[in-house]
Amino acid sequence: MRRPGHRHQLKQQLGVGVKGMFGRLTAVAIVVVICMVMLFSAPMTSNDNSPSDIDVKALWETAASDGWRPSSAPRSDWPPPPVETTGYLRVRCNGGLNQQRSAICNAVLAARIMNATLVLPELDANSFWHDDSGFRGIYDVEHFISTLRFDVKVVESIPEIHKKGKTKKIKAFQLRPPRDAPISWYTTVAMEKMKEHGAIYLTPFSHRLAEEIDNAEFQRLRCRVNYHALRFKPHIVELSTAIVNRLRTQGHFMSIHLRFEMDMLAFAGCLDIFTPEEQKILTKYRKENFAEKRLVYSERRAIGKCPLTPEEVGLILRAIGFDNSTRIYLAAGDLFGGERFMKPFRSLFPHLENHSTVDTSGELAKNNRGLLGSAVDYMVCLLSDVFMPTYDGPSNFANNLLGHRLYYGFRTTIRPDRKGLAPIFIDREKGHTKGFEEAVRRVMLKTNFGGPHKRISPESFYTNSWPECFCQKSALDPAHKCPRDDVLNILESRLEGEGINSSNETSLADR
């Protein structure tokens, strides 16, 4: 049976600074803070549930860790960024909030690879959200710069050059990186242009650096950016905290990313369950936004390529053992098909909430289609006791959360095996209901509920950073051993050895 990990209050978590991040990476009970400052959960014992049952009470607690702890501090020689860098790197991160988040991690790594100074990443004024908040409007800039001071130099803009009484602006040379570009592209093509022009501008910058890199320190840098440096602004943290506290007044709660929205349904080609008019809308959206491809609903459904309907989500949860008293937070946009699809789900689980129903400040009502709403949904899902994505294929929101919750002390996730469940649901629709719940449980018992597991393609590094960003105190493999307790002191001394005083940055991080 699992036993609960230590649950610290969010207010306490937010007070941990960058010293805490590195100095306590190896402590027994540090838990990861949602604003990207880590605290660890205590190790869990192995789950001893019988193979024919799922212990719902255990799911409300963190998953078995098998002695692994989140740790993204350097474990080998990690020089500070040079005083004189190669040049300036600008990037434009396109896509939604979570696609941009991955791009920011890649931008920091690209800057490190090229010994470049990173200009604060530009966030695309998203065409769907119509939100131009920018980096400073969403993230804590001072914390970002301070946290990464051992890794890269970050500036808010390219400075002007003053020479012989004249002021000169450096114009960045624009480049379009190939998708999933290897490190060699950055050390050759990009580096050559940076040396020639003094600055380069990479746009667009989504999925422009290979995820699988045979360098564990580079991968750990990605984790430092994702889970430590990228902290939402205080007002977003406070609003999210208030919502979580309100949801917790009645005990545990679950969050569900209900990806039953027009864009995903059109992308998947799952149209047949909709009315002729709705099918026209989905078909039109698909033609306008995706490459032409022959998609047959029955074939797609049979191999688990269709998003789960709200009713199917409810039936899975009931089969696992959750009852109608379960409190659920829904992170979702506009559900396609509306109330007709939600009604069966609501009849199974009536205690449903979303950020609009639990936000008493009214702030989200004014900005319910912007990055603020997405950021709040992200944080609430991160802190929920259980998280369930209903379609984790090309969903950046779900994939990033799965990785963050893994790093945040192996918090329980329920990941339905859509391919395994598809024939069971198809049989049920044909009237074969006998043994339905037992069949669902058998499929779900084979899934991972949030513990450490091997990353197998096409699973993304941002979905599962094990083992690179985790360690064991008593590791058999030296590569998995936790770093030294004095790693922060070593990094500080090396930074000072380069003639850089980091005391001011530390105070910013400790605020």
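Biologist: How many aromatic pairs does a search of the whole structure find?

Modeller: The search turns up 20 aromatic pairs. Keep in mind that this is a predicted model, where local features need pLDDT of at least 70, side-chain atom pairs count only at pLDDT 80 or more, and totals for chains, interfaces and linings use all residues. Residues are numbered from 1 along each chain as its sequence is written, and side-chain values use heavy atoms, leaving out hydrogens and water.

Biologist: Why is the pair Phe-135 and Tyr-139 called tilted?

Modeller: Rings of Phe, Tyr and Trp (its six-membered ring) pair if their centres lie within 6.5 Å; planes under 30 degrees apart count as stacked, over 60 as edge-to-face and the rest as tilted. Here the centres are 5.2 Å apart and the planes sit at 50°, so Phe-135 and Tyr-139 make a tilted pair. Both Phe-135 and Tyr-139 are buried (under 20% relative accessible area, while exposed is over 50% and partly exposed is in between, with a 1.4 Å probe and protein chains only).

Biologist: What makes Phe-345 and Phe-349 a tilted pair?

Modeller: Their centres are 6.0 Å apart and their planes are at 45°, so that pair is tilted. Phe-345 and Phe-349 are both buried.

Biologist: How do you know that Lys-166 counts as exposed?

Modeller: Lys-166 has 63% relative accessibility, so it counts as exposed.

Biologist: And why is Ser-356 called partly exposed?

Modeller: Its relative accessible area is 41%, so Ser-356 is partly exposed.
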